[in-house]
Amino acid sequence: MTSTKTAPPSAPSPQQARPDRTERTPRRIAFGQKLSKWDFKLSPYLYISPFFILFVITGLFPIAYTAVISFMDWDLVRNSGTFIGFDQYIYVLTQPKFWIALRNTFSIFLLSSVPQLILAIFIATMLDQNIRAKTFWRMGVLLPYVMAPVAVALIFSNMFGDKYGLINTLLGNIGLPPIMWHSNAFASHIAIATMVNFRWTGYNTLILLAAMQAIPRDYYEAAAIDGANKFRQFTAITLPSLRPTLIFVIITSTIGGLQIFDEPRMYDQFGTGGANSQWLTISLYLYDIGWGQWNFGRAAALAWILFLIILAIGVINMLVTNRLVRDEGSRDGRSRRDRRAAAIAARNDLEHRVGGTVRDDFGSTSTGAATSDTNDKTTEVAR
């Protein structure tokens, strides 16, 4: 009797078990998957697009259209113009009234921005203390900002009246001569700057107060334990921590101060900046050229000159801001690149001292001590 044995089936080789990829049918991407992919990529742009669309329509297009008109002798009736190059710019820059308006603008800007910033820091510091009715006081400083600028200008223009104003009446009661608030240029600048300070100090106070409340209280507690008084804490902790916020407030105040219009426009009943242009600003001069003289080409040229002035000052502020923000947090005065280079040098020194076994020799007493000491040094330098 013979028996036959059949060999067991051999196990498939890895090459045979592996599916042949050349014969795999290409997987089709469903339309829903494509739609999800497009949604993932395009949705963020669609969400933010309304702002940029509105900015192009209401902001960018008027700026470009004003630039085109500024190079033309524009006829408002025919709604067309003749290209004349830089003649409008040359005409505006050669007018003495433009330089008077530029002087008045910067004078009112300095008289309003500097006291406003100092007063806002002082009020924010007081509101940051542990006082009663905090919400009431914080809302109270914002009330002037809510008031209409025309109402503020009317009230203060009556207060600063030359004959029957409240300020001159009080000065007369204490035996001082009256001040000609409307005929003296510097006095008119002080009166208009007072309106601006009244309206915008509370707004800047709340911005600075929000920045003050973001400062960790541990700093003040540590300074108090070291014996630092309130003034020392303010100069050593509060002011350095407020530096980026202060720069932001300065930039916004600069832009608003150079575009000031409401307060000088309502300072008297004529709104022309005074009989001798005592308080004529760039914005008032632009309004007079455009809607008083009906010359929109020159008004557009003046608008672009004002835009370039603000842009130049904004670039200067931005450079100062970048420098101050980059140095923020480096209490030893070094830049981030210097601190990073010092950290790398400390780590190289660590590797040289332990023979390149920094990560493996923690069990060794001497090496571990050296490693720990140098790691602390590296961390301190990097910090």
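The structure is a predicted model, in which local features need pLDDT of at least 70 and side-chain atom pairs count only at pLDDT 80 or more, while totals for chains, interfaces and linings use all residues. Residues are numbered from 1 along each chain as its sequence is written, and side-chain values use heavy atoms, with hydrogens and water left out.

The chain holds 17 helices and 2 strands (DSSP runs numbered from the N terminus, with H or I over at least four residues for helices and E over at least two for strands). Of its 383 residues, 32% are buried; here buried means under 20% relative accessible area, exposed over 50%, and partly exposed in between, with a 1.4 Å probe and protein chains only. The accessible surface comes to about 25,500 Å², and carbon and sulfur atoms contribute 64% of that area (Shrake-Rupley method, 1.4 Å probe; for residues, only the protein chains shown count as cover). Among contacts (heavy atoms within 4.5 Å) with a separation of 6 or more, 64% join residues 24 or more positions apart.

Two packed helices are described by the angle and the distance between their axes. For α10 (residues 217-225) and α11 (residues 230-241), the axes come within 11 Å and cross at roughly 150°; axes are lines fitted to C-alpha atoms, for helices over the stretch in contact, and angles run from 0 to 180 degrees between N-to-C directions. Tyr219, Tyr220, Ala223 and Ala224 of α10 meet Gln233, Ile237 and Thr238 of α11. These contact residues comprise 5 nonpolar, 2 polar and no charged (Ala, Val, Leu, Ile, Met, Phe, Trp, Tyr, Cys and Pro count as nonpolar, Asp, Glu, Lys and Arg as charged, and the others, Gly among them, as polar).

Helix α2 (residues 31-70) bends by about 45° at Leu42, with a proline, Pro44, following within four residues. The bend is the angle between axes fitted to the seven residues ending at a residue and the seven starting there. Buried positions in α2 include Ser43 and Gly59.

Most residues other than glycine have a negative phi. Ala133, however, has a positive phi near 55° and sits in the loop between α4 and α5, where Ala133 is partly exposed at 45% relative accessible area. Ser277 also has a positive phi, near 60°; Ser277 lies in the loop between α13 and α14 and is buried at 8%.
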